[in-house]
Amino acid sequence: MKSIIISARLSLIMLTAFTLLSLKCGNAANNSSDKSVSKATIGSLLTEKQFNELFPMRDKFYSYSAFVKAVGQIGLVKMKIARRATSVYQFTRTDKTTGKSVVIRQDGDWNEDWAKKKPDSVYYIDYGSFCNEKDPQTNKKELAAFFAQIAHETRHGEDGKYNDGLMYVHENDTTLSYTADNDSYPAVPGKKYYGRGPMQLSYNGNYGYASDCIFGDKNVLLNNPGLVENDPVVAFETAIYFWMTPQTLKPSAHDVMTGKWQPNAADKAAGRVPGFGMTINIVNGSIECNKGENMYSMNDRIGFYKYFLQKFGVIDSNRACSCGKMKPY
């Protein structure tokens, strides 16, 4: 994942043996009839034993306890994202433990007359809804999609078994700084914002935005981006932040997988439809989408998704796994 303008780390290893599975997602038996909505901990969806079995080759940095702690900590945060014009923002962060709400970002043009004349849009993010918003089967489907994306982003080796996720803590090439002009989240001189963590968070814009949401202070990760590769809880929190947070033009992957997002007229014209394929468009659409059905990286993500669906014993009846005919944003 390379930005709120994101690009993926392309595989440098040639595919030697990979049998492409059907692009239909619904290939696992549904072994549960429980459709009741229940707010529960991540532990009710995933045990430590299951986590270890899903990621047997993982770097020890990525532990079940760190993942569970990250889900719990970021789950105590709510965000109100208000936007004027195209990209003039005001962020209000609420700490659920205290109930205190604080404006942590207000762009300089927020109170300009021209901006005030533009219609506001408001979006609320409850990070406690990560894999916890709907019935158990939907929650597991979302977790399968999340795991598929982070597994692909951090894999090392291609044996067709989908057991090689969470192996990279940071991208191989750490010589690049990944800095870009950003008025709200300027790069700190001397700091590098290369891909780190499960979602390979990259660029100063992403680090600052994630830091605002996780810590209520953009400077934490802008000043110390290394936290994402040194603190496993923070690493998982950045991945959850990205999964749950919409971008200026894109919906959140969470809203896609839970059915909250529905395409507008422009989306429909671009071939964007709800389903796992849309999450690929969100994560890495400019590289992998609208390039036909033989794009390796896209199919690798689909393969991971189908693998995790099967392990969780759930079906994706939507079956829209591919973004091969879907225009990127």
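1. F147 is buried, its relative accessible area being 0%. The structure is a predicted model, and the points below should be read on that basis. F147 belongs to helix 4, which spans residues 136–153.

2. F147 is also among the residues with the most contacts inside the largest nonpolar core, a set of 81 residues.

3. Which residues does F67 contact, once its neighbours within four places in sequence are left aside? They are I42, L46, F130, L143, F146, F147 and F236.

4. Across the whole structure, a search finds 28 aromatic pairs. One of them is formed by F51 and F147: the ring centres are 6.4 Å apart and the planes stand at 65°, so the pair is classed as edge-to-face. The assignment follows because plane angles over 60 degrees count as edge-to-face. F51 lies in helix 1 (residues 48–54) and F147 in helix 4, so this pair ties together parts 96 residues apart in sequence. F51 counts as buried, at 0% relative accessibility.

5. A second pair consists of Y162 and F304. With ring centres 4.9 Å apart and planes at 70°, the pair is edge-to-face. Y162 is in the loop between helix 4 and helix 5 (204–215), whereas F304 is in helix 12, so the pair ties together parts that are 142 residues apart in sequence. Both Y162 and F304 are buried.

6. Helix 12 (residues 296–312) also contains R301. Is R301 buried or exposed? R301 is buried, because its relative accessible area is 0% and the cut-off for burial is under 20%. Which side chains make polar contacts with the side chain of R301? One is that of Q149, at 2.7 Å; another is that of E288, at 2.9 Å.

7. Two further arginines are placed over aromatic rings. The charged end of R272 sits over the ring of Y329, 3.8 Å from the ring centre. R105 lies over the face of F91, and here the distance to the ring centre is 4.8 Å.

How values were computed: Residues numbered from 1 in each chain as written. Predicted model: local features only at pLDDT ≥ 70, side-chain atom pairs only at ≥ 80, totals over all residues. Heavy atoms only, no water. Core = buried A, V, L, I, M, F, W, Y, C linked by side-chain atoms within 4.5 Å. Buried < 20%, exposed > 50% of the residue type's maximum accessible area, 1.4 Å probe, protein only. Contact = heavy atoms within 4.5 Å. Helix = DSSP H or I, 4+ residues; strand = E, 2+ residues; numbered from the N terminus. Polar contact = N/O pair within 3.5 Å; in protein donor to acceptor, adjacent residues only side chain to side chain. Phe/Tyr/Trp six-rings, centres within 6.5 Å; stacked < 30°, edge-to-face > 60°. Lys NZ or Arg CZ within 6 Å of the ring centre and 35° of its normal.
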